[in-house]
Amino acid sequence: MKKTKQLRSLLNSPQLEFLMEAHNGLSAKIVEETGFSGIWASGLSISASLGVRDNNEASWTQVLEVLEFMSDGTSIPILLDGDTGYGNFNNARRLVKKLEQRQIAGVCIEDKLFPKTNSFINGDTQPLADIEEFSGKIKAMKDTQTDDDFNVVARLEGFIAGHELKSVLERAEAYRKAGADAILVHSKRADSNEIELFMKEWGGRHPVVIVPTKYYQIPTERFRELGISLAIWANHNVRAAISAMQKTSEEIYRIQNLTSIEKQVASVSEIFRLQGADELLEAEKKYLPQR
Ligand code: SPV
Ligand code: MG
């Protein structure tokens, strides 16, 4: 099945589905072989892995380069965290065109202003986009896609910015009417109060996506009961990589020897396996002169 159609099915399926974060070709492959049905190309994780802040410091074409490796190496759908769409409706249209060329299944855009900053850093001081301007951006993106199954997810930053439920709902409805395929409602609370209130009033009008990074203690079963379509585990591979790299670097720096670390890290042959080295050996037999 096309990647776009796979993601559309995840959004519309009656069960709770999951996306797992990846930030480069390697982590994307690991997410797929673990069994996940889709990948969240996290802005936070991609920027962190490039060594910059989550403030649009990496240009959108640099993000595209990373995505190309992620998409080429996997067969499950990728939903890009497209921040604000990297500009106005026109920049967002061009983004859709370039994502479709790379078989990216969809993009999520958030109703903030470019350059954005991560929702968990001074979120309440970040101004939101004008509701009509943002709705126009969604419409422009939907009008641009050439594959009917390409997905545009509209992300509500209202709760992050301290707005009331009423205004968050008003925006959600405007974005739904503008053509968004799903609504992502974000919250930075440690409880699920905002999500619960939203879901109650929303009444299953359109698929809802959540990112439970801060309310990780809420049982997943509760998300099912609320009728959430898709939960995103948004940054746990980059966080796992940071912890593992810090520990390994520290130990090798301290001991000046590799003996103790050898068993704690992936083998070199595991790297070759993940890279698909076997296929190249086979192909060489087929295509290189055999002497
Ligand atoms: C990301 O993964 O970059 C996100 C989700 O946008 S969050 O960091 O929770 O805002
Ligand atoms: Mg992000």
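A: Helices (H or I, at least four residues) and strands (E, at least two) are DSSP runs, numbered from the N terminus. Residues count from 1 along each chain as its sequence is written, with chains lettered from A and ligands numbered from 1 in written order. The model is predicted, so to speak of local features takes pLDDT of at least 70 and side-chain atom pairs 80 or more, while totals for chains, interfaces and linings use all residues; side-chain values use heavy atoms, without hydrogens or water.

Let's start at the ligand.

Arg-155 brings a side-chain N or O atom to 2.7 Å from an oxygen atom of ligand 1. His-186 has a polar side-chain atom 3.1 Å from an oxygen of ligand 1. The protein buries 100% of the 280 Å² that ligand 1 exposes when taken alone (Shrake-Rupley, 1.4 Å probe).

Where does ligand 1 sit? The space that ligand 1 takes is the largest cavity (more than half of its atoms within 2 Å of the grid points). On a 1 Å grid over the protein atoms alone, a 1.4 Å probe fits in a cavity but cannot get out, whereas a pocket is open, with protein on both sides within 12 Å along at least five of seven lines; lining residues have an atom within 4 Å of a point. There are two cavities of 30 Å³ or more, and the largest has a volume of about 150 Å³ (space filled by probe spheres on the joined points). Its lining has 16 residues, and Leu-44, Asp-81, Asn-118, Arg-155 and Ala-234 are the closest to its centre. The classes in this lining are five nonpolar, seven polar and four charged.

The second largest cavity holds about 110 Å³. Of its 15 lining residues, Gly-43, Ser-47, Ala-58, Val-63 and Asp-83 come closest to the centre. Helix 3 and strand 3 (78–81) each supply at least two residues here, with helix 3 giving the most, three residues. Six of the lining residues are nonpolar, four polar and five charged.

Now for the open spaces. About 840 Å³ is the volume of the largest pocket. It is lined by 25 residues, of which Leu-26, Ala-241, Ala-244, Met-245 and Ala-266 are the closest to its centre. Helix 2 (25–34), helix 3 (43–49), helix 10 (236–255) and helix 12 (268–275) each give at least two lining residues, and helix 10 has the largest share, nine. The lining contains 14 nonpolar, eight polar and three charged residues.

Finally, the second largest pocket has a volume of about 150 Å³. The lining splits into six nonpolar, three polar and two charged residues.

Technical notes:
Polar contact = N/O pair within 3.5 Å; in protein donor to acceptor, adjacent residues only side chain to side chain. Nonpolar A, V, L, I, M, F, W, Y, C, P; charged D, E, K, R; others polar.
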